[in-house]
Amino acid sequence: MLGNFAYCNPTKLYFGEESLQYLNTELPKYGKNVVLVYGGGSIKKNGIYDEVLEILNKNGKNVAEISGVMPNPTLEKLYEGVEIARNHKVDLLLAVGGGSVCDYSKAVSVSVHCDEDPWEKYYLKFEEPDCEIIPVGCVLTMVGTGSEMNAGAVITNHESRMKIGHVFADENIMPRFSILNPKYTLTLPHYQMVSGIYDIFNHICEQYFSGEDDNTSDYISEGLMKSLIHSSRIANKNDQDYEARSNIMWTATWALNTLVAKAKSTDWMVHMLGQAVGAHTDATHGMTLSAVSLPYYRYIMPYGLAKFKRFAVNVWDVDASGKTDEQAALEGLAAMESWMKELGLVMNLSELGATSDMVEEIADSTLVMDGGYKILDHNEIVKILRESL
């Protein structure tokens, strides 16, 4: 492994069917004013809301709520949540939901005591907080983002047509604790499940497709990918298979809790392309990634050919005997494509509402990252987007 790094992840995880009981262990560590954050109300239909509220009341907490957090949390919703949290003099933000709810809660946590506009400070200037940070805890009901064990927070600004993620450097922004009960994910619609599966897979790819050194992180990534592919096929046939769903949930956490990024430059261009599409269409995040992935990877493959061949051999079991590196690498991407279609992922942006007329504008709002095998220019982004249609 090349390079130097520091590693710290302070999030405490509670995993399994009985994990919610540990909310009783965590709540006494914080003040009395809790803001419960959740999405469109599914947690009320499946009973999770009542379970959580009972524990909060049992621990004598004074509870306010931020409800209606959307799949792509907006800047307007962030402002609304900050106002609620300030008025409640919040001591703990408790996110109950998927990655968007967790992301949103972290964005609120750094904004409550911030005197500046959070969009300007955190999402345009990418500054770190210089104010008090409100602690966040998570009860996860949907997997994919890894937000339960990282310091990332994605916010969409519809006015500027930008969807930006800020991965904060301050470890205090990571959730203090996260409760992972795989049973909570079993009520998720199939479309959302497979979308989350691809989000997990692409998180690993974004870190894997960078660098050429013999890196332990790459071996870990390959194991995570193979585990995910195996469990995804089981869950795709039977989405009530607890063992498969529990493995998917655990893989999601380790895919983006910063571990496999160590000593890696990391790419993230698939996410930049997908997030730009999401800002214009409000499409499901994982599906925006699946629609742009293969055109992007086929484009950059010649610049990182050795890693793409390794991906084919070690992840997709391609036999490279008698084949050129390019032939083996392309066979690996073909195997990936077959798996994606098997899951029923969206493979074209047109299915998400993107049109040819939107491509230039989407390209204009795509942030360019420099950690992968090729730094894209505007024309290359346009080319990839058009091939994704």
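Two residues are in contact, or touch, when heavy atoms of theirs lie within 4.5 Å of each other. Welcome to this predicted model, in which local features need pLDDT of at least 70 and side-chain atom pairs count only at pLDDT 80 or more, while totals for chains, interfaces and linings use all residues. Residues are numbered from 1 along each chain as its sequence is written, and side-chain values use heavy atoms, leaving out hydrogens and water.

## A glycine in helix α10

Let us start with Gly274, which sits in helix α10 (residues 269-281); helices (H or I, at least four residues) and strands (E, at least two) are DSSP runs, numbered from the N terminus. Gly274 has a relative accessible area of 0%, so this glycine is buried (under 20% is buried, over 50% exposed and in between partly exposed, with a 1.4 Å probe and protein chains only).

Leaving aside residues up to four places away in sequence, Gly274 touches Thr288, Leu289 and Val292.

## The chain as a whole

The chain has 15 helices and eight strands. Its radius of gyration (over C-alpha atoms) is 20 Å, close to the 21 Å that the globule rule gives for 389 residues, so the chain is as compact as a globular protein of that length; the rule is 2.2 Å times the number of residues to the power 0.38. Along the principal axes, the C-alpha atoms fill a box of roughly 70 × 45 × 40 Å.

Of the 389 residues, 58% are buried. Among contacts between residues at least 6 apart in sequence, 79% join residues at least 24 apart.

## Aromatic rings

The structure holds 21 aromatic pairs: rings of Phe, Tyr and Trp (its six-membered ring) with centres within 6.5 Å, called stacked if the planes are under 30 degrees apart, edge-to-face if over 60 and tilted otherwise. Phe201 and Phe311 form a tilted pair, because their ring centres are 6.4 Å apart and their planes stand at 55°. This pair links distant parts of the chain, with Phe201 in helix α7 (residues 190-208) and Phe311 in helix α12 (residues 305-316), 110 residues apart. Both Phe201 and Phe311 are buried.

Phe311 also pairs with Phe209, this time edge-to-face, at 5.1 Å centre to centre and 70° between the planes. Here, too, distant parts of the chain are linked: Phe209 is in the loop between α7 and α8 (216-237), 102 residues from Phe311. Phe209 has 0% relative accessibility and therefore counts as buried. Ring pairs join these residues into a cluster whose members include Tyr198, Tyr208, Trp316 and Trp339.

Lys307 lies over the face of Tyr208, at 4.8 Å from the ring centre; a charge sits over a ring if NZ of Lys or CZ of Arg is within 6 Å of the ring centre and within 35 degrees of the ring normal. The charged end of Lys44 sits over the ring of Tyr49, 4.9 Å from its centre.

## The two sides of helix α3

Tyr49 also belongs to helix α3 (residues 48-58), where Ile48, Tyr49, Val52, Leu53, Ile55 and Leu56 are buried. These residues cover an arc of only 160° around the axis, so they lie on the same side of α3 (the arc is that of the directions from the helix axis to the C-beta atoms).

What covers the buried residues of α3 includes α1 (23-26), β2 (33-37) and β4 (92-97). The face turned away from the buried side of α3 carries the exposed residues Glu54, Asn57 and Lys58. Just after α3, Gly60 takes a positive phi of about 70°.
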